[in-house]
Amino acid sequence: MNDTKNGRSVLEAAMLDRTTVCELNDDFTLPDYMPQIGRVISVEGCAAPPSRYVGAGVAEFAGAVRYRLLYEGLGEGENTSGGGEKSGGTWCAELVSEYDAQMKPDTTDGTAADGGEFRGDLSDVVTVAEAAAENVTARVTAPRRVTIRCRVRVHGRMLGQKEYDCTVRGSAPEEGIRRLDGTAKTGVTVCGTSEPITLHDTVTNDEIPAGGSGEIRVIGSRGEVFVSDVVNNAEGADCRGEICLSLLLCREGEGERPFRITRKIPITSTVAYDTAFPEGTQPVGVRAWGECTSVTAAVEENAVVCEASAVLCAEARGVREMNYIRDVYSCDVTCEAARRKIKISRPVACFNGNVTVSGGADMKDLGGDGGMKLTDIRAAVMPDPALTADGEGNVTVSGKLKCTVLLENGTELEAKEFEIPYRYAAEVPEVRSAVRAGELPVLSARVTAGQCRGRIDAGRIGADCEVSVAAAVTAESEVSAMSEISYGSARRGAGGEPRCPARLTVCYPASGETLWSVAKRYGADARTIAEDNGIDSALAPDSAATLSGVDFLII
């Protein structure tokens, strides 16, 4: 794909890298087998990884948001349906909404501002997308009806092959053309999304806390995917991690209150890439993340049987060489050339990491009191983390987690929220090397929260949360390449007469000149000048070392 002779250079570039927001506003009616809503305790949403559709000049990212509405049923004497169904107690409704985001690439054909041109069909590009649900709120409009509003933030990227051609005007004998070729490392990205992975787990009666009366009832369940390790292979990414399950249960006896059980189900899967790395690509690394698409739990023969489905996403990055013409001249005719700056982005690191962070809040700041009990806790990553990668090779991802806790005051549950900071730091030697080479490091990261453990101590709620980071670091630079070459008339001597190949010229190079610049000025062959003047021909002709200590040249 790199044709230096014809001046064509090809590299991977983003034709779309944008975030858009979908506003969802849906009405839901609870099924008849669930109690009517007396009071909403909390509501949360989880956006599944989007499906990707590309065509007709538009990229479409669509998926589902799974809501978890925790509420208190209408108590005795409050039921308005007349149906005589169960009432009171704590219940959880699983509701689903759909989101759909469309984005138009910055350019799908034609010449871009930097002179490059995206070639090929849109279906050939690499498309990467992720989604997150934010600002979920619920409003009860009738005993069985609820309106849920949610904002889905969708980030889409499309990576295509961008070509830069060098326009040649006029002609010159090929044997007299001298080219100074250059190479640069550019990025290559492949990605993939797994089919739903379904796992099972069973909580036996012995694992359920003793005490209380009545049969066990499942209020609700949720799960978080935590990828701890990912390895790149020839066809995909080998992922290992776990699904962190959280079950909210209660006993049906009089006065029994909800309690939580947590589980971790190991997950091992290979995510196949949509496309393979092109030949000649050197892999750099891979990162992966995932989401639970559904979690169910049911009581069967004195045990709680759980089923969780998850989808894993993987993105691998590599580098390959891009060729370009740095300079050109003709020994036979005059030659004028124009240049362009080509921005180069190459990956230097792509990996997963994790860290456990702790924090908390005073009960009085949350409007609670020291007598409350902690029933449940979960953490969610807040948007827009701070990302840094410095010249010492230090990579840092920092931000905040929103912790939602369910507190019991003896008669009812209350949901409270507080924030705790997180910080993930790693030393990446490849970043240090890139900075020393004059390249700018740019960090991107996908952050997810796993299992969260909570406690109340001396009037303060504490939280210990697992955080997984899927990070990628690129090094950005630019090269100066030929964009236009114009060949003119035959070269002439200093006096305007036709140049005589047999004539010898003595040149006294100026400070800062190189073997290449002198040869270009005189229209002579750089290798011949090197041989005639005892210059090491192994040196790059545009290196300052070629004329180090040289007072004059015979040309």
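**Close-up views of a predicted model**

**View 1. Asn 302 sits in the loop between β15 (282-300) and β16 (303-330).** Strands are DSSP runs (E, at least two residues) and helices likewise (H or I, at least four), numbered from the N terminus. Phi of Asn 302 is near 65°, a positive value in a residue other than glycine. Asn 302 is exposed, at 52% relative accessible area. Exposed means over 50%, buried under 20%, and partly exposed in between (1.4 Å probe, protein chains only).

This is a predicted model: local features need pLDDT of at least 70, side-chain atom pairs count only at pLDDT 80 or more, and totals for chains, interfaces and linings use all residues. Residues are numbered from 1 along each chain as its sequence is written, and side-chain values use heavy atoms, leaving out hydrogens and water.

**View 2. Asp 384 lies in the loop between β18 (373-381) and β19 (386-389).** Its phi is also positive, near 60°. Asp 384 is exposed, with a relative accessible area of 60%.

**View 3. Helix α1 (residues 429-436) has Val 431, Arg 432 and Ala 434 buried.** Seen down the axis of α1, its buried residues fall within an arc of 160°, so they line one face of the helix. The arc is taken from the directions from the helix axis to the C-beta atoms. Their cover includes β17 (333-362), β19 and β20 (394-408). Just after α1, Gly 438 takes a positive phi of about 90°.

**View 4. Tyr 508 is placed in the loop between β24 (506-507) and α2 (515-522).** At 61% relative accessibility, Tyr 508 counts as exposed.

Methods
Contact = heavy atoms within 4.5 Å.
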